[in-house]
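Please read the notes below beside the model.

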Amino acid sequence: MAELISNAEKFADEARNLTLFKNFSLPGVKDKVSAILNMIGRVEGIFSTYTIHSIEHVDEMLKSLDWLVPPDTQKAMTCVDWLLVVLAIYLHDLGMVVTSDEYKKRMENHKFAEFLEDIQTNPTNKDYMARVERIEGEYRDRFFYQEYIRMHHATRIRELIHGRSTGQWGETIKPVFDEIADIMRELPPRFRENLGNVCESHHADNLDKREYFPLHQHYGGAEEASANVQYAALMLRTADLLHVTKDRTPSVMYKILGLSDPKSLSEN
């Protein structure tokens, strides 16, 4: 069973003392998340040259909460506040998991086909495509799919957590859906809804939307069974951005930074 090494995890694990969360095992979830994260970069070479998204990244983010969250705020937070933050940190990158079947059938995904056509035919991408042509065929194909998934991975993890797929990914990632569903099954539906929105928020511009991020969300029962959803989203984004170290080189979508050298991205 995984060890809960951070203070944040230990505070979050106290939620099992509440009726709504009594059957939820945080160490068990961490075990499963660690195994799923290990798939990133190991299937078809997808994301093999991208930033580190392992359980080590998760642990470093969790440790940073000791100084990111002010002492007075730590005392005011409920165990469910901590659980929401911890689970968001555990799960936020799982949208990057790609199955072998998914990659092999990528051209059956009409959204990816549209993405690829836009990159290849949009006049504004002329210089970019000139550089892409220097990448060998197999690596070029992989690079395009990596960038497509990276663009959508935050929305993808929200769908996985909510258990409501738009159908964009088809049956090829059903094994991942099933694993996430198993992790989610002991959580209250409203908490699961909030958790999915928080995870998506780390690549979105909607933190001011109170309908998605309520400041005081009750899940039933005692006052302890409540959370500030917006604060959880803020902590996730902040901890993720700050974990940029010598062992974790950041890679950002070329369209965001206007990079003209995709080869440099593929080597990060």
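1. K32 is partly exposed, with a relative accessible area of 30%; here buried means under 20% relative accessible area, exposed over 50%, and partly exposed in between, with a 1.4 Å probe and protein chains only. K32 and D182 form a side-chain salt bridge, N to O 2.0 Å, where a salt bridge is a side-chain nitrogen of Lys or Arg within 4 Å of a carboxyl oxygen of Asp or Glu. The pair links distant parts of the chain: K32 is in helix α2 (residues 26–37) and D182 in helix α10 (residues 174–184), 150 residues apart. D182 is also partly exposed, at 26% relative accessibility. A network of salt bridges links K32, D182, R185 and E186.

2. On the basis of the coordinates: this is a predicted model, in which local features need pLDDT of at least 70 and side-chain atom pairs count only at pLDDT 80 or more, while totals for chains, interfaces and linings use all residues. Residues are numbered from 1 along each chain as its sequence is written, and side-chain values use heavy atoms, with hydrogens and water left out.

3. Overall content. The protein has 14 helices and two strands; these are DSSP runs numbered from the N terminus, helices being H or I of at least four residues and strands E of at least two. Of its 268 residues, 52% count as buried. The accessible surface is about 12,900 Å², and 49% of that belongs to carbon and sulfur atoms; areas come from the Shrake-Rupley method with a 1.4 Å probe, and for residues only the protein chains shown count as cover. Among contacts (heavy atoms within 4.5 Å) between residues at least 6 apart in sequence, 72% join residues at least 24 apart.

4. Other salt bridges. The count comes to twelve salt bridges. One of them joins K63 and E60, with the closest N and O atoms 3.5 Å apart. Both residues lie in helix α3 (residues 55–68), three residues apart, about one turn of the helix. K63 is partly exposed at 41% relative accessibility, and E60 is partly exposed at 37%.

5. R106 and D141 form a salt bridge as well, the closest N and O atoms being 3.8 Å apart. R106 lies in the loop between α6 (100–104) and α7 (110–121) and D141 lies in helix α9 (residues 137–162), so the pair ties together parts that are 35 residues apart in sequence. R106 counts as buried at 16% relative accessibility, whereas D141 is partly exposed at 34%.

6. Which residues does E102 touch, not counting residues up to four places away in sequence? They are V97, Y145, I149, R156, W169, T172 and I173. E102 lies in helix α6 and is buried, with a relative accessible area of 3%. E102 and W169 are 67 residues apart in sequence, yet their C-alpha atoms are 7.8 Å apart in space.

7. A search of the whole structure finds one cavity of 30 Å³ or more; a cavity is a set of points on a 1 Å grid over the protein atoms alone where a 1.4 Å probe fits but cannot get out, and lining residues have an atom within 4 Å of a point. The largest cavity holds about 40 Å³ of space, a volume being the space filled by probe spheres set on the points. A12, D13, A15, R16, F21, F24, L26 and L83 line the largest cavity.

Note on methods
On a 1 Å grid over the protein atoms alone, a cavity is a set of points where a 1.4 Å probe fits but cannot get out, and a pocket is an open set with protein on both sides within 12 Å along at least five of seven lines; lining residues have an atom within 4 Å of a point.
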